[in-house]
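Here is a friendly walk through one structure, with a few stops along the way. Please keep the sequence and the 3D view open as you read.

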Amino acid sequence: MPVDHLPNQFHDLDPLWEVIIGATTPEQLAQNFGGHLQQITQSKQVVIYRFDWQALRGVAVAHTGEGNLNLGESFDTSSSSVTDIIERLKTSQPVVINQPPTQRVYWPIPINRALAGFVALEMVESSLSDDFIGRLYRTMKFFGQAYERLTSLKQHQSDSVDTHLLQLTFTSANEGMLLLSQSGQVVDVNQRMLTLFGKDHGYFLGKKLSELTEIFPPDCLQLLLRNFGFIKMGMAITPQEVSLIDSAGVKRILEITSTSLTENQIHQGELISIRDITYRKTAESQAQESESKLRQVLDSVKEGITLSDSSGKFEIFNQEMQVLTGFDRDQANEATSFLEMIHPGPYTKPAYEALNQVKPGEKYTSENVILDREGKKKYVSVSTTMLQSEGKTYYLSAYHDQTAVRLAEEELKARNQQLEETSAQLKQTAAQLLEARDHLEDKVAQKTKELQDKVIEIENLAKFPSEDPFPVMRVSSEGTLLYANSASKALLDTWGCEVGKSVPAGWANLVQEVFESNNRKIFESELLQQIISFVLVPVKSRKYVNLYGRDVSREKQVEEMKNQFISMVSHQIRTPLTSIRWYSEMLLKGVAGVKLNQQQTKVTETIHQTATNMSGLVNDLLSISRMESGVLDYQSQQANLKTMIDEIVTELTPLAQKGGVTLTVEVDPAIPDFKFDPKLIREVYTNLISNAIKYTKKSGQVEVLVKLTENQVISQVKDTGIGIPLKAQKDIFTRFYRAQNAVDMQYEGTGLGLSVAKLIVEKAGGSISFESTENIGTTFTFSIPLTNML
Amino acid sequence: MKNILLIEDDKLLGEAIVQTIKNEGFDVFWSKTAEEGFKVLELQAVDFIYLDIMLPGEVDGYEILRRVRADERFKTIPVVMLTNLGQMSEIDRAMELGATDYFIKANIDLDQLVSLTKQRLNI
C-alpha cells in the first residue's frame, strides 16, 4: 500500500530537510532518538516526526506496521534533485551532496535488494560532536546488523546490508578515516581522507602506515606508528592534535583518534579517524584570545571582579580580587563558603543580603568589611549584578577597596570630634569669659562712676585757677609752660608763649632756681601798667613750679602814695622841728647874742629835748611805715663796720657827755670788710647805744664791744643803767612797749626802737638778745653773720 | 680859710647853719637856688658843699650833685646832703650819685653838724 501523500506540514518544511524512511516503528525511533523527535502527523500507515539533534536534522517516518512502504511515492516528485538522488541510490551507492556550509549524505537502505529507503544526513561542520561516529553507528544499528558487521571488520567485502551500510558510513563519513589491518596495512580509506590530503584511493591502499610520507609529516607519522604499537598492546589512546600543511597549502590542525578494532577480544585492526579541527582550533584560539583579553582587562582593573554561579563557584576571580582577599580562584572555589570566609562574623549577613536583594538587570551596592587571608581588615564597597544565561543565574560582583578612604573618613571623624570637643571647650571658655567680662564691666562701670565723680570734683576744684582773675601758671622744671589760666593771656602775649612752649629765659632761670632750692620765692613783674607779684611754689615730686599771680598794682600804688605822703609829711614835720631844735640849741650856746640864766637854760633845754624827741618819733614812724609795707629792704653792700661804729660813737658822744655818761668803744681790728646793710645796721647801733646812754644815770658807763667769731660779728652794748625789770623783759621787743621805769624816767621814747632793731638784725640773718638787772644795768647782744667776705 | 657852699632854700634853717659855721671860722656862701649855687661854684673856690634836696625850680639837689660830680673841676669837692627827706631810696640815690654823706637835719644838732664837717674836712 503506498504511503499516503505526505501531509501539508511536510511540504512546508525547508527543502533541506530530508526524509528518513525506514522500516522502523515509532518505538524503535524513540529508542534511538528519544527526546529529539517531534511528531508532526500521523496516518494509518505512518507516523511522521521531525527530528533535530545536533548535526542531524531530518524527518523520521515510522511505519505503523500496516501495509508496505513504497519509497518512490513518498516523495514529492517535483523536486528533481530528490529523484536524481534516488536513482543514484538505487545503484546502492551513497550520494554526497556538498553545499557549504553543509554537507548532505544519502545512504541507500536496501531491503531484499530493493531500495527500501535511504538515510539522509545533513551536517554542519562546526556542530560536529565527539561521539558522532558512535551515534551514527547506533543509528545504523536499527537498520540492520550493520554496526556489528562493521566492528567485526571482515577483510572481504560482503554485500550484506550491514557491511554495505557500514561501508557507506565509512566511506562517507565527514571525518577522514583510515582502516588498518592487523599488520598495519591500509585496508580502506574514506572519501574525506582523500579530500583532506588530495590523494586517491590508489595511493593509500595496501601501503603501510610508515609509507604514508607524502601526507603525514615525520613527527605525525611517528606518532601514528607509536599509537599503532600501543593499540596492539591493548592500550587506549587519547585523541592527539597535530598540525600540517594540506594539499592546498593551508595550515590545518587535525585531531587524530586511533581506535582499536577488536572482535572476540582479538585485535583485528585499527581505525584512525582524523578530524579537521582547524576551524574549531581557530575558534578555540580566538575564544582563548578573547578570554585572555578579558582576563587581562579583568586583571588590570583596580576592582576585584568575580563572576560566580548560584552555587558560589567562581568562574571569574581577577587579580585584584586576589590582592584584596589573599586567595586565588581555586582556593576560593575550594572553600565551603568563600563569602563567609572573607566576610566573617557580623559581616556575613550583609554579604548574603547583597545576593538576596539583587534583581536581574539591577545593581545592588553595599558596603562591607573583608578580612583577608592574613586577617587584615579592609573596607569594601560591593556592587552586585545578577545575570542570566542559558537558564542559569550568575552573580557579577565588583569589590572596591575603600580602606584608605574609610580610614581617612575615620580620621576625619576623629578630628572632627576633637574639633567639636575643642569647640565645646572654647564655647565654655567663651561663656566663662563673657561672664567674667560682665562682672568686670560692672566693676568698671562702678569704678568709672567713682572716678567720674572724682573728676567732677577735681574739675570743680581745678576751676579755681581757671577762674582766678590773676595769672596762675605751671612751668616745668625745664622751663616749659604746662598750664596757664585765661587770666594769664596778657602775660603770655608779651612773652610770645603758649602752653607747650618754653617760657622766656629769665623766667625759666627763676623757675629753675626755685625748683632746685625747693623754696618759695616772690617775684614782681610789670605788665601793662599792672604790677603782678608772683609767688613761685616748687613741686619737687612733679618736677614743676606753680606760679600764683597777684595784682599788686594798687598795693604798689598805695604804697607809693603812702611813701610819698610819708616822705612829704616827714619832710614837712621835720623842717620846723629842725628849726626848733637848732634855734633852741643856738640859744643854749649863746650864739644868738644872748646869754641865758639857769632857769632860761632849763626851759630852752626842754624845748630842745622835746624837739629832739619828736625827731626821733618821726624817724620811728618812718621805720614803722617801712616795716608795715612788708618790705624792709635789707640791702647788703660791702662796707667797713669799724668806720661806721666810729661815726656813730662820734655822733653820740655829745649826748653821752651831756648825760655825764662815759662812752667807750672797742672794735676788733680783725673784722674785715663784709656785706651788710650800713643804713640799717647803723640804726641798730644808734638805737642801742642811745638807749644805753639815755637810761644810764650820771657817772654811769656805756661800753660798746664788737668781736669777731668764725662767721659772725658779735656786738655788745653794755650799760650801768636802770635795767629792765623782770616783768617787762618778755615784752621788751614789742612795738610801742615801754617799761614803766623807762616811762618814769621821763624820757621820751616811742618804744619803737627795739622792735625795729630786732627786725633789722633778724633780716641780716642774725639774732638779738639782752640781759638785764634792775638798777644794775643792761647788756644787749646781737650778731650779724659774715657774708661774702673778701 | 675854708669855703663852704650851702644850697638851702629854707630861710630859718639856712640862717641857723650859716651862723653856726661862721662861728667856727668858715666862709659860708649861702645860695637859695641851684642857679645861685652854680654861680658861686664858678666864681669861688669851694671846699665843701652842703646840699639840700628839696629846692625850688626844676633843678633839685640830686641834679646839682650830678652836675657837680660830672664836672672835672668840682668832682673832688665833698658834698654832703642836708635834707629832711629820709627814705632809703633817697639816701641810696644820693650815695649812688656820689654824695660824700647824707644827714637828716631833724636828726642832728648843729654841734654834730660842725663836728662831722670838720671830720670830713680833716680838720
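Helices (H or I, at least four residues) and strands (E, at least two) are DSSP runs, numbered from the N terminus. The two strands β18(A) and β19(A) run antiparallel and are joined by 3 bridges; strands count as paired if DSSP finds at least two bridges between them. If you look along this pairing, you will find R474(A) with Y483(A) of β19(A) as its bridge partner.

This is a predicted model: local features need pLDDT of at least 70, side-chain atom pairs count only at pLDDT 80 or more, and totals for chains, interfaces and linings use all residues. Residues are numbered from 1 along each chain as its sequence is written, chains are lettered from A and ligands numbered from 1 in the order in which they are written, and side-chain values use heavy atoms, with hydrogens and water left out.

Of the 5 residues of β18(A), 4 are buried, which leaves the strand mostly covered. Buried means under 20% relative accessible area, exposed over 50%, and partly exposed in between (1.4 Å probe, protein chains only).

On we go to β21 (residues 530–539) and β22 (residues 544–551) of chain A, an antiparallel pair with 8 bridges. Here I532(A) stands opposite D551(A) in β22(A).

## Two loop residues with positive phi

Most residues other than glycine have a negative phi, and most peptide bonds are trans. K543(A), which is not a glycine, has a positive phi of about 60°. This residue is found in the loop between β21 and β22 of chain A, and K543(A) is exposed, with a relative accessible area of 53%.

N775(A) is another residue other than glycine with a positive phi, near 65°. Look for N775(A) in the loop between β28 (768–773) and β29 (777–785) of chain A. Is N775(A) buried or exposed? At 61% relative accessibility, N775(A) counts as exposed.

## Inside the cores

The largest nonpolar core has 45 residues, and those with the most contacts inside it are L641(A), I681(A), Y685(A), I689(A) and V706(A). Such a core is a set of buried Ala, Val, Leu, Ile, Met, Phe, Trp, Tyr and Cys residues joined through side-chain atoms within 4.5 Å. Helix α21 (residues 678–694) of chain A gives the largest share of this core, 8 residues. Apart from it lies another core, of 27 residues, among them I49(B), L65(B), I91(B) and A99(B).

Strand β29 of chain A holds I784(A), which is buried, with a relative accessible area of 0%. Leaving aside neighbours within four places in sequence, the contacts of I784(A) include F674(A), I681(A), Y685(A) and Q712(A); contact means heavy atoms within 4.5 Å. The C-alpha atoms of I784(A) and Q712(A) are separated by 5.6 Å, although the two residues are 72 residues apart along the chain.

## Chain A as a whole

Chain A has 24 helices and 29 strands, and 42% of its 790 residues count as buried. Among its contacts with a separation of 6 or more, 49% come from residues 24 or more positions apart.
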